[in-house]
Amino acid sequence: MPITEREIIIVGAGVIGLSSLYRSLEDINNSSDKNNIKYYINLIAKNGPSLDINDIKYAPDYASFFAGAHQRPFPSDYSDDEKLTFQRRESIYTSETFNFFINKGWNLINESTIKFVRGYDCIESPTPEYANFNDGYNNGNLKHFIINDTIDPDLVPLKEQDKCKMINSYDTYVVNTPLYLSFLFKKCIELTKKCKQKIQFKYNFDINISCLKDAIIFGTQSPNKPVIINCTGRGLQWEISAPDKDYCPIRGQTLLISVPKPAISSEGSYISSFFKSKENETISNNNIVSKFEGATITHQSSPEIGEWTFYIQRPLPKSHSDYNSKLYFIIGGTKNLNSSVEEISEKDTQKLLQNGQRMFPNLFANGDWKLERINVGFRPAKKNNKGSDVSLCHKVYNGEPFAIINAYGFAGYGVECSMGAAAHVISLLKKGFKESLL
Ligand SMILES: Cc1cc2nc3c(=O)[nH]c(=O)nc-3n(C[C@H](O)[C@H](O)[C@H](O)COP(=O)(O)OP(=O)(O)OC[C@H]3O[C@@H](n4cnc5c(N)ncnc54)[C@H](O)[C@@H]3O)c2cc1C
């Protein structure tokens, strides 16, 4: 039986590019051998995951490294049909991603850094979308959704909880995104080795193309035309050296802080001698710190003030140099629409610290905490709240049509959408291959 050859070029190695790669490999691996298809897959990107997890190289236009990250659901807006269409689709992506992690059991693998916790939203003045529990923000989409919940006062002082008209909670997860990407990429490599006879895989994380059509030269140049998957975050255009015409960055500044790891942490590891020399009072304060490991909390102030304050644990794998001694938390965050200012704002840093210390004082108790890093990243959003673009289209180059799959524009929710969006990419890929054969 003759062998059919197929070719895929993925541009971008953020959470969307790597999830699309993982799900393509898994799909090929699970497909029947009777099909006799050989796949050539090429992953190219300007930035990729760090293979040394103790040496993370941040780049401002690599959004994935700046994601806290947690899954924080939001209610759909019924006043705008176009927005509602995006939001409903994205809500499905998020629940598919949640279920994917559980079904794979990746939360049980220490290196994945995925950790299931309780998510709490403390909302001072709920908008009608929150008050009415619109789509995406109710027990249809969220597991163990509790309305008007209370939070352990060791995490958020009662006087701050009392200011909130709503405190809702649900099952969610936190993930140390830069380290998760290393894990995900290693999983991809494992899959390529498993199905060597069906797949020839190449990658290069040092390639900056000026427009999407330039990706073609990284293919095999055989008569099989590659399907190109555009996972460039901002949506690099086909012939123009520019992001999608609707691209609109949302600048986010966050703080990465560390606190000494408690003797008993919520992941169950017990460090017998770590606090031996400390006094009892310090031990009990540190045990309070371990309570923060079981949750992620987001506070929304009144719309007039318009501030968001959250903490997200960044779980460390055992192979990390700080695993035995520290817990890492992201304190956030700012949202500056249409801002691409890369410099750190001292004013933002002070505001983040002030809000973080007010909402989560026990995380900053004893003066033991340390500011490890100040992050400035850009959520790859679109103007007028247009959602992510996951679609199949065709473009002509040198008189030949090429199938392109767009998968970009995930704004502030790319991690939580990642595996659901990647499943959508795979369904479009199958269509793309069929249409390439016309
Ligand atoms: C402060 C902050 C907090 C966030 N918190 C969360 C959170 O809690 N939960 C959540 O789900 N999301 C969060 N996000 C959003 C999340 O980070 C993004 O939605 C997600 O990372 C987008 O992933 P991506 O793969 O599309 O893009 P990126 O991660 O930006 O990856 C783009 C890829 O394309 C490559 N590329 C781009 N242009 C070119 C080119 N010309 N040539 C070659 N390669 C190119 C890049 O090198 C990179 O590999 C946050 C973002 C920020 C900034």
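Predicted model: local features only at pLDDT ≥ 70, side-chain atom pairs only at ≥ 80, totals over all residues.

A: Let's start at asparagine 148, in the loop between helix H3 (128–131) and helix H4 (158–162). Numbering runs from 1 along each chain as its sequence is written, and side-chain values use heavy atoms, with hydrogens and water left out.

What stands out at asparagine 148 is its phi, a positive value of about 55° in a residue that is not a glycine. Most residues other than glycine have a negative phi, and most peptide bonds are trans. With a relative accessible area of 55%, asparagine 148 counts as exposed; the cut-offs are under 20% for buried and over 50% for exposed, with partly exposed in between, using a 1.4 Å probe and protein chains only.

One runs from glycine 68 to alanine 69, with omega near -5°, and alanine 69 falls in the loop between strand S2 (37–44) and helix H2 (81–104). Another joins glycine 332 and glycine 333 with omega about -20°; glycine 333 is in the loop between strand S10 (326–332) and strand S11 (336–337).

Next, the charged side chains. A salt bridge here is a side-chain nitrogen of Lys or Arg within 4 Å of a carboxyl oxygen of Asp or Glu, and that rule gives 21 of them. Asp152, Asp154 and Lys291 are linked in a network of these bridges.

Now take aspartate 171 and arginine 118, whose closest N and O atoms are 2.6 Å apart. That bridge links distant parts of the chain, with aspartate 171 in strand S4 (residues 166–174) and arginine 118 in strand S3 (residues 115–123), 53 residues apart. Both aspartate 171 and arginine 118 are buried.

Lysine 225 pairs with glutamate 400 at 3.6 Å between the closest N and O atoms. Lysine 225 is in the loop between strand S5 (199–204) and strand S6 (227–230), and glutamate 400 is in strand S14 (residues 400–408), so this bridge ties together parts 175 residues apart in sequence. Both ends are partly exposed: lysine 225 at 25% relative accessibility and glutamate 400 at 39%.

Lysine 351 and glutamate 307 also meet in a salt bridge, 3.6 Å from N to O. Here lysine 351 belongs to helix H7 (residues 346–359) and glutamate 307 to the loop between strand S8 (295–300) and strand S9 (308–313), 44 residues apart. Lysine 351 is partly exposed at 32%, and so is glutamate 307 at 22%.

On to the inside. A nonpolar core means buried Ala, Val, Leu, Ile, Met, Phe, Trp, Tyr and Cys residues joined through side-chain atoms within 4.5 Å. The largest has 59 residues, and Ile41, Leu43, Trp106 and Tyr180 have the most contacts inside it. Helix H8 (residues 414–436) gives the largest share, 8 residues. Domain 1 (4–54 + 180–246 + 386–436) and domain 2 (114–174 + 249–383) both contribute, so this core lies between them; the domain bounds come from an automatic or database assignment.

Leaving aside residues up to four places away in sequence, the contacts of tryptophan 106 (heavy atoms within 4.5 Å) include Tyr22, Phe100, Tyr180 and Met419. A second, separate core has 25 residues, among them Ile257, Ala295, Ile297 and Leu352.

Buried residues make up 56% of its 438 residues. Among contacts between residues at least 6 apart in sequence, 79% join residues at least 24 apart. The C-alpha trace spans about 75 × 50 × 40 Å along its principal axes.

Definitions and conventions: Helix = DSSP H or I, 4+ residues; strand = E, 2+ residues; numbered from the N terminus.
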